[in-house]
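I opened this entry to keep track of what I looked up, going from the charged pairs to the chain as a whole.

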Amino acid sequence: QVQLVESGGGLVQAGGSLRLSCAASGSIFSIGTMAWYRQAPQKQRELVARITSGGSTNYADSVKGRFTISRDNTRNTVNLQMNSLKPEDTAVYYCNAAITRLGRPFYDDYWGQGTQVTVSS
């Protein structure tokens, strides 16, 4: 089995910073693109940022210049540094990864359980 476990959410005032981390564990052969999504109440889940195995990144327009995604391929982790947070960034943030498992030569999509980020005005 494969698990993604997020950490680092919490409550912060507008203008503050938070750093989210996600660690993948289990019978992993390789990890492709890793990403962070978020879902605010009564809204659809949306992509925040993604990073390929080679380090190429892209961001939602709403977070460009404020958020930075990074990964450590030796530790199977992905991080999201969030600066200049705004109340509209309030959401549950989910880690996502495309992972091949030992003995399965194709990618499966995995999700973490989500971590709450609340930005107060």
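Before listing any pair, I noted that a salt bridge here is a side-chain nitrogen of Lys or Arg within 4 Å of a carboxyl oxygen of Asp or Glu. The model I am reading is a predicted one.

**Salt bridges**

With that cut-off, I looked up Asp-108 and Arg-104, whose side chains meet in a salt bridge at 2.9 Å, N to O. I also checked the cover of Arg-104 and found this residue partly exposed, because its relative accessible area is 31%, and partly exposed lies between the 20% limit for buried and the 50% limit for exposed.

The count by this rule comes to six salt bridges. I then looked up Asp-89 and Arg-38, which form a salt bridge of 3.0 Å, N to O. This pair joins distant parts of the chain, with Asp-89 in the loop between β8 and β9 and Arg-38 in strand β4, 51 residues apart. Both Asp-89 and Arg-38 are buried, and I noted that the two belong to a network of salt bridges that also takes in Glu-46 and Arg-66. For Asp-61 and Lys-64 I recorded a salt bridge with the closest N and O atoms 3.1 Å apart, and there both residues are exposed.

**Two strand residues**

I looked up Val-2 next, which is placed in strand β1, residues 2-7. Val-2 counts as buried because its relative accessible area is 9%, under the 20% limit. Beyond its neighbours within four places in sequence, Val-2 is in contact with several residues, among them Ile-28, Ile-99 and Tyr-110.

Leaving out residues up to four places away, I found Thr-77 touching Cys-22, Ala-23, Met-34, Ser-70, Arg-71 and Asp-72.

**The chain as a whole**

I recorded eleven strands and zero helices in the protein chain. The radius of gyration is 14 Å, close to the 14 Å that the globule rule gives for 121 residues, so the chain is as compact as a globular protein of that length. Buried residues make up 40% of the 121 residues. Of the contacts with a separation of 6 or more, 57% are between residues 24 or more positions apart.

Finally, I noted 12 positive and 8 negative side chains, with the centres of the two sets 2 Å apart.

Note on methods
Residues numbered from 1 in each chain as written. Predicted model: local features only at pLDDT ≥ 70, side-chain atom pairs only at ≥ 80, totals over all residues. Heavy atoms only, no water. Helix = DSSP H or I, 4+ residues; strand = E, 2+ residues; numbered from the N terminus. Buried < 20%, exposed > 50% of the residue type's maximum accessible area, 1.4 Å probe, protein only. Contact = heavy atoms within 4.5 Å. Rg over C-alpha atoms; globule rule 2.2 N^0.38 Å. Lys, Arg positive; Asp, Glu negative; His and termini not counted. Charge placed at Lys NZ, Arg CZ, Asp CG, Glu CD.
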